[in-house]
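Subject: Structure handover

Hello,

The structure we discussed is below, with the sequence. My notes on it follow.

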Amino acid sequence: MRVITISNERLLAFSRTLAESVRSGLPLAKTLRAIARSVGSGRELATAADMVGQGKALHESLGAQQIFPSLFIALIRAGEEAGKIEKFLDRFSESVEVKIEFQRKIKRTLFYPAVVTVIVGALFIFFSARIIPILVQPIVNAGVPLSGATLAIIAIGQWLLTHWLLLLVSAFGANLAFSLFWSSRPGCIALALAGHWLPGVRFACEEVRFYTVASSFELLLRAGLRPGAAIDILLDVFRDDPVTRYRLSHAAQMVSEGKTFSESVGVCMPSEDRPRLKIAEQAGRLDEAFGEIAKMHRDWYLHRLKFTASAIQISATIAMVPACFGLIFCLLWPTLSLFGAAEKLLSGAGSSAPNHYSVTPPPTPESTITVEEAAAALFNESKAKEIVNFMQASPLRTAETVATHLAPSRPPTLQKRPKPLTPMPKLKPGPAFRKPSINKIEPTAVQSALP
């Protein structure tokens, strides 16, 4: 099996340079030596130049190096036989350019989510390792213990900040390993299977596969190859795609059984392209039909790729929103948890301490009293006992004497002018003289309380 070590970029540069050199009429050996000094794989190209200088054909010299795809070698051979090497190389360069553009757009599409991930990770490290400890330090100094979630967030941030160089090297190594895996044969097989079965990958890669099949058949048929030989070359082109390779093997078997080429190759193309291929084969212009189909699938591929890139960018933007809210939560959660712990601590201390305050329930609407009644009740409560004792000790004292005795201690708002007393009548002296009694004096609230 042919092992290809030249990349698509180098193959595109070599194909275009070789086409320009052939178009200019330069000798092939001199052209290969000039290209070997400017393009990668210079040692293989120098060996091929020596073989061409010894009289070997160009396709034999390049095929012996085992670094070029079989489709490229087949086109070189057909171009040498038809004398149109530069035309086939130009058409091949267009197909390679489409593949390179597809890979570049996929990388540019994945670059945005990668940058978003790096920014979110850097913000998390900064907040968890620097900002959160500054916010919680005053509360910790007050004696409030940290919660487990807070300690975990701070510990993760400190570890990431301490080992940032190790993380950077690990990320670079993971990216390198990922790139090497996808460029290897197992990675290409995994990507091809995902393009057949996974919906999202299939949507982005399906049109590229159809374009490659159609453009390859166009080039091989224009080069004058038989249908069976063209299918054999495509089996080598899709050696890393088990599903397409199986379909091509089935197509080769159908051709060997006598089926038409359009019917046989139709298993590798969409159902809407099969009637067109059948009509083109009957008209004798199958190569032109494959070229038009390839152009159509290329346009569809560009449309789907733009849609996929926009969807990935929008998804990354939407995913960034909860990531930012997660960072805000990581920033606020330790502080809020500490405030909650402080509240619980203070409430626990307050419940164990003695309560020196009593709460008096507010008066109901039925028990509402005026200010004068409240002042009178307060005066009776504070002075009733003293007045009762005074009256019991001096039962013959008048109300005026009692009021005079208690006047200094009564509140100014409660002092009232005593009612005028009825003047005592003049009595004649006699043997049975007694003190006159006080008439028409209404008892007060204090006198009513006397026994």
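The side chains of Asp240 and Arg185 are joined by a polar contact of 2.4 Å. Please keep in mind that this is a predicted model.

Asp240 lies in the loop that connects helix H11 (227–237) with helix H12 (242–256). Its relative accessibility is 16%, and the limit for buried is under 20%, so Asp240 counts as buried. Apart from neighbours within four places in sequence, the residues in contact with Asp240 are Arg185, Cys188, Ile189 and Ala192.

Next, the nonpolar core. The largest one comprises 65 residues, and the most contacts inside it belong to Phe14, Leu62, Phe68, Phe72, Phe217 and Phe290. Helix H10 (residues 199–222) is the biggest contributor to this core, with ten residues. As for Phe14, leaving out residues up to four places away in sequence, Phe14 touches Leu32, Ile35, Leu45, Leu62, Phe68 and Phe72. In soluble globular proteins, nonpolar side chains tend to be buried together.

Ile119 belongs to helix H6 (residues 85–141).

Regards

Note on methods: Residues numbered from 1 in each chain as written. Predicted model: local features only at pLDDT ≥ 70, side-chain atom pairs only at ≥ 80, totals over all residues. Heavy atoms only, no water. Helix = DSSP H or I, 4+ residues; strand = E, 2+ residues; numbered from the N terminus. Buried < 20%, exposed > 50% of the residue type's maximum accessible area, 1.4 Å probe, protein only. Polar contact = N/O pair within 3.5 Å; in protein donor to acceptor, adjacent residues only side chain to side chain. Contact = heavy atoms within 4.5 Å. Core = buried A, V, L, I, M, F, W, Y, C linked by side-chain atoms within 4.5 Å.
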